[in-house]
Amino acid sequence: MGARHCRAESFDAMPPVGTLGPIKKQPGWTMSLALIVMLPFLGAALPALMIRAGRNACALATGSVSLVALVLLLTHAPAVLRGELVEAGWEWLPGLGLNVNFFLDGLGLLFAGLILGIGLLIIAYARFYLSPDDPMGTFYSFLLLFQGAMVGIVLSDNVLLLLIFWELTSLSSFLLIGYWKHLPEGRQGARMALTVTGAGGLALIAGMLLLGEIAGSYELTEILQQPELIQASPLYLPALVLILGGCFTKSAQFPFHFWLPHAMAAPTPVSAYLHSATMVKAGIFLLARLWPVLAGTDAWFYLVATTGLATMVIAAVIALFKDDLKGLLAFSTVSHLGLVTMLLGFGTPIAAVAGVFHIINHATFKAALFMSAGIVDHEAGSRDMAHLGGLATLMPITATLATLAGASMAGIPLLNGFLSKEMMLDAAAQTSWAGQVWVVPLFATLGAVFSVAYSFRYVVRVFFGARRDSYPNPPHDPPVGMWLPPALLVMLVVLIGLFPATFAGPLVAATAAAVVGGPLPDYQLALWHGLTPAVGMSVAAVAIGLSLLWRYPVVRAAWQAGPHPEAKAMLRATIDALVSTSRELVHGVHNGSLQRYLVVMLAAMLALGFTVFLTTSHAPGMRPTLPAVPVAVVAWLLLIGACTTAVLLHRRRLVALVAVGVVGLIVSLGFVYLSAPDLALTQISVEVVTVILMLLALNFLPKRMPAESSVGRRLRDATIAGLAGLGVGGLAWAAMTRDFESLSGYYLEQSLPGGGGSNVVNVILVDFRGFDTFGEIIVLGIAALAIFALLDGALRGSVGRRLDAWVPDQARSKGRHPMMMVVATRVMLPLALTVGVFIFLRGHNVPGGGFIAGLVVAIALVMQYMASGFGWAAQRMKIDYHALIGSGVLIAAVTGVASWLAGFPFLTSTFGHFHVPLVGDIELASAMAFDLGVFLTVIGAVMLALANLSRIGRRAAHQAVNDEPMDAYRPAVLKVRPREA
Amino acid sequence: MEFLVASAVGLLTAAGVFLLLRARTFPVVLGLTLLSYAINVFLFSMGRLAVNLPPVINDLNKGYTDPLPQALVLTAIVISFGMTAVIVVMALRAYLESGSDHVDAMPERRSGGKDGQ
């Protein structure tokens with residue numbers, strides 16, 4: 001079973017799963033199950049490529065993907081109809097309980113068949129529907145992505161996998177609804193659909209996780225075995241409510257129904273596919289899928305059946321007053337989804353059978369109706385009933401198909417819609433709601449009444465009545481590719497209506513068995529069941545429905561007098577309110593003040609640290625301490641003095657800078673004394689560079705500043721600072737007075753034999769932990785480039801003009817480049833460079849190395865700039881510091897990669913001894929090349945930063961670049977620069 | 001000796017934090033520098049203190065101090081320099097853009113800067 005860390009006990013009962021291979025029954029077949037899901041995803045790239053070969057090739061390629069998947073599915077159909085379970089899968093993230101497990105039973109077969117079968121028809125239909133201006137490749141790619149996600153939902157065994165596919169359908173449907181990007185309605189509809197179904201998806205994730213938690217498994221096949229356990233759990237109700245949240249939003253159940261009509265802004269093939277046949281049925285599918293474990297309780301009945309009933313009636317009423325064909329169909333879809341939801345909500349097996357049967361029937365007649373609406377829109381140029389009518393003679397094929405499908409939707413005998421509606425009414429007649437036997441039958445009949453009314457209104461207002469002269473386009477029947485798909489569906493409508501047991505019987509039986517999860521009750525799919533109450537309800541529905549239509553203007557006036565809450569505006573208001581609230585909150589907390597952020601962060605850290613410290617017990621450390629030598633005490637006193645000076649006199653900036661420099665020196669001395677020579681060297685050279693940098697910057701910052709903090713503010717800051725110091729100092733004390741274990745023994749032992757150097761710190765840097773160092777020099781290089789970018793940009797625009805108008809706030813020294821210093825630095829340069837190289841070379845064995853050597857050389861070069869002027873130095877040092885940084889990082893990288901080529905991991909070092917005449921035996925390690933990279937990067941970074949700062953200085957100085965006059969050997973130049981001043 | 005180092009770390013931290021909370025950029029930079037010292041010494045002290053035991057392999061040595069914190073602190077020192085340099089330049093650029101060296105100064109319109117909270 002592999003490593004199941006978190007939930008081992010509950011997974012023990014699971015059947016064994018091989019890693020990365022098919023599992024369970026039918027080993028030869030199982031992979032094709034996963035392939036059915038993966039094919040649309042794999043094929044999604046195909047249309048985008050094939051569109052170059054033309055629109056027919058594109059549609060053909062897309063269709064063949066769906067066709068192959070459908071054929072693969074049908075190869076499993078016989079086994080499933082026999083009642084077998086086909087499974088496939090492999091472990092993905094077993095630690096999370098997330099496995100790629102698929103299974104196929106009757107329910108999965110029905111839905112996968114609908115998705116792939118209707119998908120195939122939609123693909124054919126869309127080929128003729130989309131105009132030459134529409135990017136067809138994109139459309140088919142989105143469609144296949146959506147198809148794959150849908151098939152994934154219905155075939156997933158693992159609920160986490162199912163959730164992933166669920167979210168994928170939300171995303172891909174967003175792309176499809178917003179396909180016509182230029183239409184604002186399309187974009188708004190897509191956003192609304194994503195908002196509602198996405199929010200529901202979040203609820204569903206929580207609900208499914210709870211369900212998995214209760215059942216102890218994330219495999220549906222496992223979960224479905226444990227209805228008693230799940231329904232007895234205290235988490236049942238929260239899980240149920242959350243899962244229903246996901247299902248109801250996806251299936252557009254009241255009160256989440258409002259997004260579906262807005263999603264009708266999508267191209268008609270999308271509406272037909274997503275909003276009648278597939279996506280909106282995903283919620284229904286999940287209700288059916290989880291029916292065995294969730295259904296049967298009072299909570300389920302009242303939540304699901306009531307929601308379904310309310311949705312069925314309300315949406316049917318609204319549908320009657322829609323003039324837009326697709327709007328009417330959208331609300332009728334909502335209504336029929338409500339019907340199925342209600343049937344599943346009844347919780348009885350016979351109602352579940354009726355629900356399953358209606359899913360099949362609705363999918364056939366509704367997709368046909370959507371396609372017919374698309375044909376009318378396409379050929380007559382409008383889908384508004386106000387501009388249509390009398391099309392029956394102009395487009396007879398379409399009219400016939402739409403009339404048959406519409407009659408089926410109304411529930412007229414001999415068509416499949418009648419059969420399942422009868423079964424619905426029958427089930428409703430036997431259901432009491434809160435002890436009232438009349439509630440459900442009455443409202444169910446009411447729903448049927450309006451269903452009859454809007455179905456006939458659709459057919460009559462579009463195809464019958466007087467012909468008009470003013471159709472936007474001259475109407476005619478579409479090409480065969482466009483009417484054949486709905487014709488196939490209508491054929492099914494009629495065949496199932498006439499011979500239900502033959503054409504739908506086995507599928508309904510297999511599906512219903514999967515939904516119920518047990519033996520099915522006795523039922524018959526037949527035209528005539530005798531004189532039942534359902535027949536009476538049906539007759540009443542047709543009679544009242546037709547009379548509603550007869551008195552339509554009166555009914556409509558009554559409807560329009562009532563209130564009409566506008567869901568779009570309400571959703572927008574809700575979202576606006578959320579956005580403005582979070583904006584207030586964010587802006588209130590994040591007011592842009594650095595000081596406030598720092599205070600909050602520091603206070604939080606102090607609170608956390610001191611809380612933990614004060615609520616636990618502590619023993620004093622037992623490690624013996626070192627004696628404090630007098631020199632150390634003196635240095636400590638100096639440090640205290642320097643710190644105090646820096647704090648008290650921080651408004652006199654130069655003084656404060658000097659104080660900080662003193663602190664740096666004492667820290668360096670401390671490193672020397674405490675056996676850290678490398679650190680001391682580094683600290684002292686960094687100190688020099690830092691002070692130069694700060695002086696350069698200070699040149700442009702105000703030298704003094706006003707006291708602006710109030711006494712209270714300073715007191716508060718001092719308290720925070722004092723507590724922080726106490727905390728960190730105390731922690732350091734506590735750590736230093738306790739013994740510890742270190743892994744440094746390894747480094748000390750291996751430094752010479754493994755790294756070829758006796759300076760362990762350097763060997764760690766360039767060898768053992770070379771990868772860290774590699775990262776660090778990259779960071780250093782990036783920091784230097786950031787400085788370059790910040791300062792280079794400052795030379796232009798408003799800042800550049802400000803610099804041009806700069807008035808130095810301090811008088812300039814007359815002798816900017818004193819002779820003594822010029823001479824001294826030039827004499828010292830070769831010496832300093834030699835020292836730098838020496839420190840670099842010896843670094844592997846005694847204190848030194850690339851970092852320190854780089855800093856020393858940089859200081860030597862900066863001294864030239866300082867002493868002789870920027871222009872003079874720049875003319876003589878034509879080094880591109882960017883290139884220096886780049887080559888440093890590259891050299892380090894190449895050293896690392898070289899060990900790859902030799903078959904070792906990145907940055908493995910090697911070393912050897914070489915005999916050089918006169919010098920003697922020397923040891924060269926490949927790590928030295930790495931150190932060379934460090935060396936170059938450090939020089940480049942330091943020089944780039946300082947050189948750019950001085951560029952700002954030159955810009956503000958308004959003086960010619962002193963490329964000549966500083967030269968000490970030119971007396972003529974000296975004359976113009978009087979030294980006595 | 002341990003007390004001297006620990007108290008120095010505490011003092012450096014306190015001074016650094018106090019300066020960090022000032023309203024003008026230069027003290028903030030100095031505060032950051034002091035805080036960097038404090039952190040570096042703190043990290044270094046995690047290898048405990050030792051006198052005359054540098055981690056350089058030598059047959060004459062009696063023993064060695066822990067080299068690992070030293071290696072980490074060495075790079076930390078260089079990186080703190082890089083960080084300080086970036087902060088300094090950001091302070092400079094902000095001052096040139098806004099005409100104010102207040103830490104919360106905004107470019108252009110709010111040239112005077114406002115005082116914290």
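At what angle do helix α18 and helix α19 of chain A pack, and how far apart are their axes?

**View 1. Packing of α18(A) against α19(A) in the predicted model.** Helix α18 spans residues 349–380 of chain A and helix α19 spans residues 396–410 of chain A. The two pack at an angle of about 145 degrees, and their axes are 9 Å apart. The crossing of α18(A) with α19(A) is left-handed.

**View 2. Residues at the contact of α18(A) with α19(A).** From α18(A), the residues that meet the other helix are A:Phe365, A:Ala368, A:Leu369, A:Ser372, A:Ile375 and A:Val376. Those in α19(A) are A:Thr398, A:Leu401, A:Ala402, A:Ala405, A:Gly406, A:Ser408 and A:Met409. Sorted by class, this contact has 9 nonpolar and 4 polar residues, with no charged residues.

**View 3. The side of chain B that touches chain A.** Chain B gives 80 residues to the contact and chain A gives 98 residues. On the chain B side, the elements that supply two or more residues are α1 (2–20), α2 (25–45) and α3 (67–98). The largest share, 24 residues, comes from α3(B). By class, the chain B side has 55 nonpolar, 15 polar and 10 charged residues.

View 4. Residues 35–51 of chain B are 65% helix and 0% strand, with end C-alpha atoms 25 Å apart. Residues 72–96 of chain B are 100% helix and 0% strand, and the end C-alpha atoms of this span lie 36 Å apart.

Note on methods: Residues are numbered from 1 along each chain as its sequence is written. Chains are lettered from A and ligands numbered from 1 in the order in which they are written. This is a predicted model: local features need pLDDT of at least 70, side-chain atom pairs count only at pLDDT 80 or more; totals for chains, interfaces and linings use all residues. Axes are lines fitted to C-alpha atoms, for helices over the stretch in contact, and angles run from 0 to 180 degrees between N-to-C directions. Helices (H or I, at least four residues) and strands (E, at least two) are DSSP runs, numbered from the N terminus. A crossing is left-handed if the near helix is turned anticlockwise from the far one by less than a right angle, and right-handed if clockwise. Two residues are in contact if their C-beta atoms, placed from the backbone, lie within 7 Å. Ala, Val, Leu, Ile, Met, Phe, Trp, Tyr, Cys and Pro count as nonpolar, Asp, Glu, Lys and Arg as charged, and the others, Gly among them, as polar.
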